Every structure is written in structure tokens, then in C-alpha cells.
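Have a look at the sequence and the model first.

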Amino acid sequence: MDKSALTRATDPSSAPTPGYLYNDISKSLTSPQTCVETLTFLLGRLSKNNPHIKKKCLKVLAKISAHATSRGMMKRCVVQNPNAISAIKEALGYRGSQDAVTGDQYNVEVREAAKECLEVVYSDAG
């Protein structure tokens, strides 16, 4: 597990995650054990109350689950972990505090990322 790449990919800023980090993280998933460690790290970050971190964690989960190099290991790991599924489903109804400038936009983005993540995890492709 590349903890530094995961931390950079889920930083609390509103800046988007660089695309190359998804590839780097996916390539580091070489065994089921690394998938479990990565999922545990992402679930820990998903429990934070920052909408940017939540959205990025869900995006990382979706991207690495769909990535060809993980050969479906990450997808299986997520589906077989009831805590992961419940955390993602909880994010579907996320209602954080509203931002003074953007209003509810960040919270909507978290809910959309959770929906995308569930679609990827339960899809038959990959």
C-alpha cells in the first residue's frame, strides 16, 4: 500500500486529485492483502467530516475498483466488507455544513461520488 499516494489523493483541499495518482495506487494493489489495507485506510479517511476528503475517497475507491490492473480484487474486497458498503451508502445521504460561497455544492458532489462508487463496485465490468 502506498500510503503517501493515498494521502495525497485524499487531501482536504478542493483541488482535484491528479489522474496519475489513480494509476499509481492501482498498480500498488498486487495482492488481496494490499487491497484490504488500502480499503481500511480509505474507510478511515472517509469517516472524516470534510466533504473534500469524502468525495476524493469515494472517487479513489471507484477509480481503483474499475482499474484493470487490480483484476477485480479491489471490487471484491469492497463488496465483501459490510463496513465499506455501509460507509458508502451513508455517504449517499451526506448532509454536511453549507459553505458560505458554494452553498450545498460540496455535499452534492459527495453524494454523486458515492452513487458513482456504488455503481462501479456493483457493475459486472472488470
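## A helix in the middle of things

How many of the 16 residues of H4 are buried? Before the answer, bear in mind that this is a predicted model. In H4, 12 of the 16 residues are buried, so the rest of the structure largely encloses this helix. The buried set is made up of Pro 51, His 52, Ile 53, Lys 54, Lys 56, Cys 57, Leu 58, Val 60, Leu 61, Ala 62, Ile 64 and Ser 65. Among the elements that cover them are H1, H2, H3, H5, H6 and H7.

As for its length, H4 reaches 23 Å from its first C-alpha to its last, close to the 22 Å expected at 1.5 Å a residue.

Setting aside neighbours within four places in sequence, Lys 54 is in contact with Leu 46, Ser 47, Lys 48, Asn 49, Tyr 94 and Val 110. Another residue to look for is Ala 114: it sits 60 residues from Lys 54 along the chain, with 8.9 Å between the two C-alpha atoms.

## Helix H3

H3 covers residues 32-46, which makes 15 residues.

Which residues of H3 are buried? They are Thr 34, Cys 35, Thr 38, Leu 39, Phe 41, Leu 42, Leu 43, Arg 45 and Leu 46. Their cover includes helix H1 (3-9), helix H4 (51-66), helix H5 (73-80) and helix H6 (82-92).

## The nonpolar core

The largest nonpolar core has 36 residues, and Leu 58 and Val 78 have the most contacts inside it. At least two residues of this core come from each of H1, helix H2 (19-27), H3, H4, H5, H6 and H7.

Take Val 78 as an example. Beyond its neighbours within four places in sequence, Val 78 is in contact with Leu 39, Leu 61, Ser 65, Ala 84, Ile 85, Ile 88 and Val 121.

## The largest pocket

Rolling a probe the size of a water molecule over the atoms shows where empty space is left. The largest pocket here has a volume of about 150 Å³. Its lining is formed by Ser 14, Ala 15, Pro 16, Thr 17, Tyr 22, His 52, Lys 55, Lys 56, Lys 59, Tyr 106 and Glu 109. H4 and helix H7 (105-121) are the elements that give two or more residues to this lining, and H4 gives the most, with 4 residues. By type, the lining residues divide into 4 nonpolar, 3 polar and 4 charged.

## Two residues of the lining

Tyr 106 is found in helix H7. Is Tyr 106 buried or partly exposed? Its relative accessible area is 22%, so Tyr 106 is partly exposed. Leaving out neighbours within four places in sequence, Tyr 106 is in contact with Ser 14, Pro 51, His 52 and Asp 99. Tyr 106 and His 52 are 54 residues apart along the chain, yet 7.2 Å separates their C-alpha atoms.

Ser 14 belongs to the loop between H1 and H2. At 51% relative accessibility, Ser 14 counts as exposed. Apart from neighbours within four places in sequence, Ser 14 is in contact with His 52 and Tyr 106. Arg 95 is 81 residues from Ser 14 in sequence, and the two are 17 Å apart in space, C-alpha to C-alpha.

Conventions: Residues are numbered from 1 along each chain as its sequence is written. This is a predicted model: local features need pLDDT of at least 70, side-chain atom pairs count only at pLDDT 80 or more; totals for chains, interfaces and linings use all residues. Side-chain values use heavy atoms; hydrogens and water are left out. The expected span of a helix is 1.5 Å times one less than its number of residues. Buried means under 20% relative accessible area, exposed over 50%, partly exposed in between (1.4 Å probe, protein chains only). Contact means heavy atoms within 4.5 Å. On a 1 Å grid over the protein atoms alone, a cavity is a set of points where a 1.4 Å probe fits but cannot get out, and a pocket is an open set with protein on both sides within 12 Å along at least five of seven lines; lining residues have an atom within 4 Å of a point. Grid points are joined across faces, edges and corners, and a volume is the space filled by probe spheres set on the points. Ala, Val, Leu, Ile, Met, Phe, Trp, Tyr, Cys and Pro count as nonpolar, Asp, Glu, Lys and Arg as charged, and the others, Gly among them, as polar. A nonpolar core is a set of buried Ala, Val, Leu, Ile, Met, Phe, Trp, Tyr and Cys residues joined through side-chain atoms within 4.5 Å.
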